[in-house]
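Please place the sequence and the structure side by side before reading further. The paragraphs below proceed from the overall division of a chain to its contacts, its core and a few individual residues.

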Amino acid sequence: MSDNLAELVPDMAHQSRLDKKTSYKMSATDKFISVVIYTLFSLFALICVYPFYSIIINTISANDISARGDVVFFPKHIHFQNYIDVFKIPGLGNAALVSLGRTVIGTSLTVGASAFLGFMFSQEDMWARKFWYRFTVITMFFNAGIIPWYLTMRSLHLTNNFLAYVLPTIVAPFFIILVKTFVESTPKELQQAAAIDGAGVMTIFFRIMLPICKPILATVAIFAAVDQWNSFQDTLLLVTDNNLYSLQFILYNYINQASSLSTMVNLQNAGSTAMSSLSTKQTTTSIRMTVTIIVVAPILLIYPIFQRFFVKGIMIGAVKG
Amino acid sequence: MLKYNTRSTSIRKFLYIAPFMALLFIFAYYPLYGWVYAFFDYTPPIPLSDSPFVGLQWFRSLVENQVKVDQLLQVIKNTFGMSGLTLLFSWLPMVFAIFLTEIKAVRFRKFIQTVTTLPNFISWVLVYSLAFSMFSSEGIVNGMLRQLGLTDAPILFLQSADHVWLTMWMWTTWKALGWSAILYIAAIMGIDDSLYEAAHVDGATRMQVIRHVVLPSMLPTYFVLLMLQIASFLNNGLEQYFVFQNAFNKDSIQVLDLYVYNLAMGGGSYSVSVAISMLKSLISVVLLFSVNGLSKMLRGESIV
């Protein structure tokens, strides 16, 4: 059943149609246009990918060569010491836990709430449904501004508080719209049949709609997780306690103060028996780049899997307009 | 059917969502209460209840205090400049989508789409970190230029106060172009095949098909997105400009969002900052209603 319903979601299967659309006879101008298109797109793709590639090869190259900016196309003198050394920076492990924690907890809460609210807002007999739906959706289009937001959050004691990471994102209008649109695209008879059998609204939600909504909830989960992982502004505004710093925030600090950190790691290494040859000695560049890769790695790793979901997701959003 | 409990069911359904509505109220509506700070002379250790009420003093200072006026004018200029550039090039994702779908090699097309969408999913801090690795004085670009013998001294791309609007626009485009094109790609896939066939029968060339079939069917999407962009003209966001900001480019990078942040969190002038925030939000709402009205008038459909 759920497989059939998943097909209601428009997806890239349509893409095959594009091939038919573009089959014309090629004139000389058309060929010229093709060459230009291919070249421009290749160039832009290169610009999109190269920064990631270059940082990765720099983190595994000899640090003295990399610090001079001499690692451009291929890694030189490969080693992996940097990835061991960065975890000697105090606070990095903790920040990774904070980021992971807010991503897991925040995403679960957002997905659960979006599923439930998306479903509830499709219940036409709910009291003042239209009003509450507008009350929710309209928040996408205005905000009080960051400083008023900061001042009120502070008055609610949500500064230096982990809850400030996960509570504000629970009710997310855009995700609610996605789920509501999806629920409304499923046959009404499903819910009606269950209601006749005596199922209450909660039973219908948990036993019938939740399993059906899996595809759209996967999309929501991915968007929400990426948002949580990438979030920086809330730490910047609300957190001064080192123990609550997220990876993004710590990376921002490192970019500006990596030199003192590299000195510290080198001192630690000198104390131990580790050989501090020039190629593995930490430099400002090596610390900064290695932390960057650690922060971006989760995104790069799950990206190939999730990219098929977000295409679906944004298209449902597009249908809504 | 089941008429006897309709009323209570309907109330009960609301009660289920009530806690969530309370959360939404706290985090989306209650911050509006923070606007009261604009009417007090608030200096942090002293609580608001003990701060003197000053009425519209801060709002007046925005037009009377010459230093404030000059600063604000520069900030507004930056906001208009950068948002203006975004509006000026708002057609870029559409063109990107049109030509991307013109690529016949499926694998190549999918590869390009995948790769160009990736930057959308990294944070501005990461973008800055990439920018730093590429363009700082010991970065890779300066390394390349030196190796090629093109420069003697490193070029200080990131500290430069020149062309800041343009470089900020370029980073935004780098990050968002592939992603923004997806909506248009979806619109292209929705075009009726018979339109293509008719054009084909009529002997249309590739460019003619693009101009007379593809482009017209994308204009509604473009219009809606353009209206939304106009509505958020004053909302450039904070993060991008915050991470790229430094002592050298501060004057030309401060947009309204960054300026209110710097005023409050950097300078401690909370009240003035809230006053500007408040004006900005109000103008944004007016803008939103205007474009919505415009959309109703032109297309007979509202966008919000």
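Domain bounds, as the term is used here, come from an automatic or database domain assignment. On that basis chain A is divided into domain 1 (8-90 + 245-320) and domain 2 (92-243). Residues are numbered from 1 along each chain as its sequence is written, while chains are lettered from A and ligands numbered from 1 in the order in which they are written. The model is predicted: local features need pLDDT of at least 70, side-chain atom pairs count only at pLDDT 80 or more, and totals for chains, interfaces and linings use all residues.

Chain A contains 16 helices and zero strands. Helices (H or I, at least four residues) and strands (E, at least two) are DSSP runs, numbered from the N terminus. Of the 321 residues in chain A, 43% are buried. A residue is called buried if 20 or more other C-beta atoms lie within 10 Å of its own, exposed if 12 or fewer, and partly exposed in between, with C-beta atoms placed from the backbone.

The next topic is contact. Two residues are in contact if their C-beta atoms, placed from the backbone, lie within 7 Å. Among contacts in chain A between residues at least 6 apart in sequence, 78% join residues at least 24 apart.

How do the two domains of chain A meet? The contact between domain 1 and domain 2 of chain A takes 23 residues from domain 1 and 27 residues from domain 2. On the side of domain 1 that touches domain 2, helix 15 and helix 16 of chain A are the elements that give two or more residues. Helix 16 gives the most to that side, with eleven residues. By class, this side of domain 1 has 17 nonpolar, four polar and two charged residues. Here Ala, Val, Leu, Ile, Met, Phe, Trp, Tyr, Cys and Pro count as nonpolar, Asp, Glu, Lys and Arg as charged, and the others, Gly among them, as polar.

Chain A also meets chain B: 76 residues of chain A are in contact with 82 residues of chain B. Helix 16 of chain A gives the most to the side of chain A that touches chain B, with 13 residues. The residues of that side divide into 49 nonpolar, 19 polar and eight charged.

A nonpolar core is a set of buried Ala, Val, Leu, Ile, Met, Phe, Trp, Tyr and Cys residues joined through C-beta atoms within 7 Å. The largest such core has 120 residues, and those with the most contacts inside it include Ile147(A), Leu251(A), Tyr128(B) and Val260(B). Domain 1 and domain 2 of chain A both give residues to this core, so it lies between them. Apart from this core lies another, of 22 residues, among them Ala97(B) and Leu183(B).

Finally, some single residues deserve attention. Most residues other than glycine have a negative phi. Ala128(A), in the loop between helix 6 and helix 7 of chain A, has a positive phi near 55°. Ala128(A) counts as exposed because it has 12 C-beta neighbours inside 10 Å. Asn160(A), in the loop between helix 8 and helix 9 (163-166) of chain A, likewise has a positive phi, of about 50°. Asn160(A) counts as partly exposed because it has 13 C-beta neighbours inside 10 Å. Phe131(A) lies in helix 7 of chain A and, with 10 C-beta neighbours inside 10 Å, counts as exposed.
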